[in-house]
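Have the structure open while you read.

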Amino acid sequence: MKLTSEKENDYFIISIEGDLDASSCINLDKIISEAVSNGEKKIMVDCSRLSYISSAGLGVFMSYLQDFEANKVSMVLFGLSEKVQNVFQILGLDQLLKIVNTKEEAKSLINA
Amino acid sequence: MKVSIQNYYRAYITLSLVCWLFLVFIDSYYIYALSEDPTVAFPRYLSYVLISFFFLFVFLSFKINIGSRKTTNFIEYLWQVFSIGAYTILVSLFIKFFLYITDETPFFSNPILTNLFYHLNIALVAIFLANAFYVFKKMILYQKSKRTDIAWDIFEIFVILSIITNFIEVDVFSATFLLASSPLLILGFLLSFNLKWVAFLNYKQKWQSILLILLITLISSTFLEQIYSQHLNDLLVINLAESTFTLAVFAFILLNCFSGLLVLFFNLPTSSVFEQKFGEIMMFQRLSQSMQIGNKEDEVYELLINSSLNTVVADAGWLEVVDEKGNFTAFINKQVNEIDVFEIKKVLRKNNISIGNDPNYIKNIKALKHSERIADISYKSVLIIPLLSHNTKLGTLVLLKNMGDGFDKEMVDIIYSFVTQASIAIKNFRLISEAVENERIKEEMKIAKDVQKNLLPETLIVHPRLEMTAFYKTATEVGGDYYDIYPISDNKIAIVMGDVSGKGTSAAFNMAQMKGIFQSMIQLNISTDDFMFYANKALSRSLEKNSFITLAIFTIDLENKILEHARAGHCPSLYYSTAENKIAYLNNKGLGLGMIRNDSYRKHIEKESFKYSTGDVLILYTDGIVEAKGPGEEEFGFEKFENLLYLHHHLSAKQLSDRILETLYSFTGTRDLADDHTFLIVKFV
């Protein structure tokens with residue numbers, strides 16, 4: 001798995017490429033926790049090249065739900081493949097996370 | 001066997017004594033007869049036979065006696081030759097002296113008495129020769145090769161055979177005789193240079209050997225001189241000076257002494273080097289033995305530092321051993337106290353002398369900067385050698401010497417080899433203990449697997465109107481998949497299937513927790529959505545922040561044929577309806593347990609219920625089934641699973657299960673899937 005993060009205006013964009021499984025999710029956790037402690041408020045996760053997500057990977061997103069609420073951070077996932085989106089749906093995580101199709105939609109959702 | 005050899009030995013001694021006594025008697029008789037009538041001619045062969053057998057038996061008895069010795073103490077051997085030689089020569093000289101002072105006395109100048117003393121002398125010479133001959137044999141054949149062995153056998157046979165020349169009058173100085181005996185002489189000469197034993201003596205022992213050999217030479221020469229002086233002066237029945245045999249043995253002994261002296265003298269200067277090398281080899285041997293016989297790690301440390309100190313004659317030293325994380329596991333100091341070690345290390349650190357992968361040598365530590373605090377210590381040269389194994393540092397050995405520039409390159413090399421050897425030993429110890437630990441963990445995991453197996457229901461036979469079968473397999477020893485059943489009443493049964501996030505041990509613990517929650521809460525006969533709500537509440541307190549559990553729960557009311565279910569983020573169960581002849585996913589709204597850890601969870605969960613009919617089939621499963629990967633990373637998927645149920649819904653639950661597994665594994669090509677995979681089939685009959 002390849003993980004990159006970049007700052008675009010006040011958006012903090014994390015891009016995930018490949019499989020997000022038990023071993024690689026630690027890195028994602030690190031990036032998100034750093035972003036939160038750096039005071040990032042608008043986090044976007046680019047999942048367009050995310051091919052597989054395991055329960056441990058989902059656990060990372062889930063574990064920040066309360067932190068985000070407390071710190072008024074909004075996080076939006078975008079570009080999920082149908083398969084990955086299905087995993088989020090089965091789990092019910094789509095009810096808790098903001099998931100959209102494109103980067104533009106993500107931006108407008110964050111600013112809304 | 002030993003007894004019989006001892007018996008032979010005694011027999012030979014007795015026989016030799018008997019021969020000698022007969023010889024004395026017969027020769028005395030001849031002399032007496034001759035003194036009465038000088039014209040009488042006696043055949044001399046009887047004397048010759050007796051003397052020959054006497055020689056033979058004396059030699060054989062020494063051959064047996066010395067041959068059975070096992071010691072490799074060569075000084076002891078040489079001492080034996082010398083001491084027997086000294087005794088015999090003393091007795092012999094005493095006789096000579098006695099004859100000399102009694103020369104004028106008529107009684108003692110009796111030829112019979114002279115002859116008796118001469119025979120005594122013969123016996124002494126024979127004992128000395130036999131002893132020396134076989135002792136030298138033992139030394140020559142030390143670490144023998146096959147060729148030396150054969151050469152010796154030939155030599156010995158010929159020497160023994162030469163006894164028969166007693167019967168023949170030979171001029172030992174004639175050209176023909178010398179020519180005929182020259183091969184034997186050459187053989188004896190060559191054999192006398194087999195002096196491997198010399199190499200095993202230390203300096204002191206070499207000097208002892210030289211002294212002893214010189215004395216042996218002196219004794220031999222004295223004997224020879226005596227024999228010849230008697231040969232020239234007296235009338236003798238048996239003349240040893242003309243015996244080829246005795247001369248051959250004398251020649252051999254003297255040759256041996258000569259070559260021995262020569263080799264010993266030449267070996268003297270190199271002996272200290274040889275001794276040192278030998279010492280080093282012994283140290284290495286002890287080091288490698290200490291590895292094999294499973295000594296403690298501490299013993300290897302002791303051996304390493306002691307060997308190193310001795311080998312380079314260092315005045316003091318210390319050894320530090322560290323573990324993988326660089327923490328000290330052992331510290332041994334010799335002749336240097338800990339405070340000095342601390343100060344020396346401080347000086348090294350202040351001078352930026354790091355201990356890398358190569359040895360470091362400081363000719364005079366007191367010449368370094370910041371060395372004021374160690375001005376009082378006596379050490380000057382410091383040799384620092386790291387203990388390494390595969391580039392990981394195991395520790396450091398530091399040796400100290402009082403004089404400046406006290407270590408030469410050769411010493412450093414030797415210590416380096418010691419350290420390498422010891423590093424291997426230490427590494428081996430660590431690998432072994434690691435292996436033991438791994439084995440223990442494996443054992444523990446096996447136990448955990450058995451424990452987890454007991455968390456699953458033993459039987460699925462609960463009601464005659466329900467046909468149930470389950471399949472469960474974990475990717476590692478323990479897993480996070482879970483299924484269970486519980487008969488709430490005679491006609492109401494609860495079924496559950498869950499999947500804990502993550503894998504392995506942590507998942508297994510949470511799976512056990514889930515079982516506890518299910519088994520206790522389901523007894524309350526609550527609705528499926530209430531169950532999820534309370535289960536979420538219970539788990540919220542105990543699950544790790546990033547863990548969750550997905551769960552599907554069903555209650556079957558067999559009396560009213562009503563199926564009620566709720567889904568907490570679990571894979572939607574497959575349902576074949578006979579009435580509609582189609583497959584449905586029971587995909588009602590739900591959220592994984594532990595995802596929201598407050599009461600708002602309730603709004604994310606909803607129950608559903610419907611009437612089932614006979615022939616309907618329900619399959620609960622975990623994502624390990626649909627996400628099982630075949631060749632080319634393709635997943636087994638929902639479609640294949642769904643089709644299987646559609647095609648085989650008429651089969652019994654067990655047959656359907658077999659069909660599913662068959663299809664699944666032929667798709668993946670292996671039964672060892674990367675993820676836990678579980679399913680449970682319920683058929684309403």
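1. Start with helix α16 of chain B (residues 637–648), which lies across β11, β12 and β14 of chain B. The helix runs at about 30° to β11(B). Helix α17 of chain B (residues 653–668) packs on the sheet too, where it touches β6 and β15 of chain B. The direction of α17(B) makes about 30° with that of β6(B). Bear in mind that this is a predicted model.

2. What is the strand order of the open sheet in chain B? Reading across its five strands, you get β6-β15-β14-β11-β12, with antiparallel pairing. The edges are β6 (466–473) and β12 (582–586) of chain B, each pairing on one side only. On average, neighbouring strands here are turned by 15° against each other, ignoring direction.

3. Eight bridges hold the antiparallel pair together, β7 covering residues 481–489 and β8 residues 492–500 of chain B. B:D481 sits opposite B:D499 of β8(B).

4. On to the packing. The largest nonpolar core has 98 residues, and B:I495, B:I619, B:L620, B:F679, B:L680 and B:I681 have the most contacts inside it. Setting aside neighbours within four places in sequence, B:I619 is in contact with B:S573, B:L574, B:L645, B:F679 and B:I681. A second, separate core holds 54 residues, including B:F55, B:I84, B:I122 and B:A132.

5. Among the buried residues of α2(B) are B:Y48, B:L50, B:I51, B:F54 and B:F55. The run from B:F57 through B:V58, B:F59, B:L60 and B:S61 to B:F62 is buried as well.

6. Last, the interface: 14 residues of chain A are in contact with 17 residues of chain B. On the chain A side, α2 (55–63) and α4 (82–91) are the elements that give two or more residues. The largest share, seven residues, comes from α2(A). By type, this side of chain A has nine nonpolar residues, five polar and no charged.

Notes. Residues numbered from 1 in each chain as written. Chains lettered and ligands numbered in written order. Predicted model: local features only at pLDDT ≥ 70, side-chain atom pairs only at ≥ 80, totals over all residues. Contact = placed C-beta atoms within 7 Å. Helix = DSSP H or I, 4+ residues; strand = E, 2+ residues; numbered from the N terminus. Nonpolar A, V, L, I, M, F, W, Y, C, P; charged D, E, K, R; others polar. Core = buried A, V, L, I, M, F, W, Y, C linked by C-beta atoms within 7 Å. Buried ≥ 20, exposed ≤ 12 C-beta atoms within 10 Å, placed from the backbone. Pairing = 2+ DSSP bridges. Axes fitted to C-alpha atoms, helices over the stretch in contact; angles between N-to-C directions.
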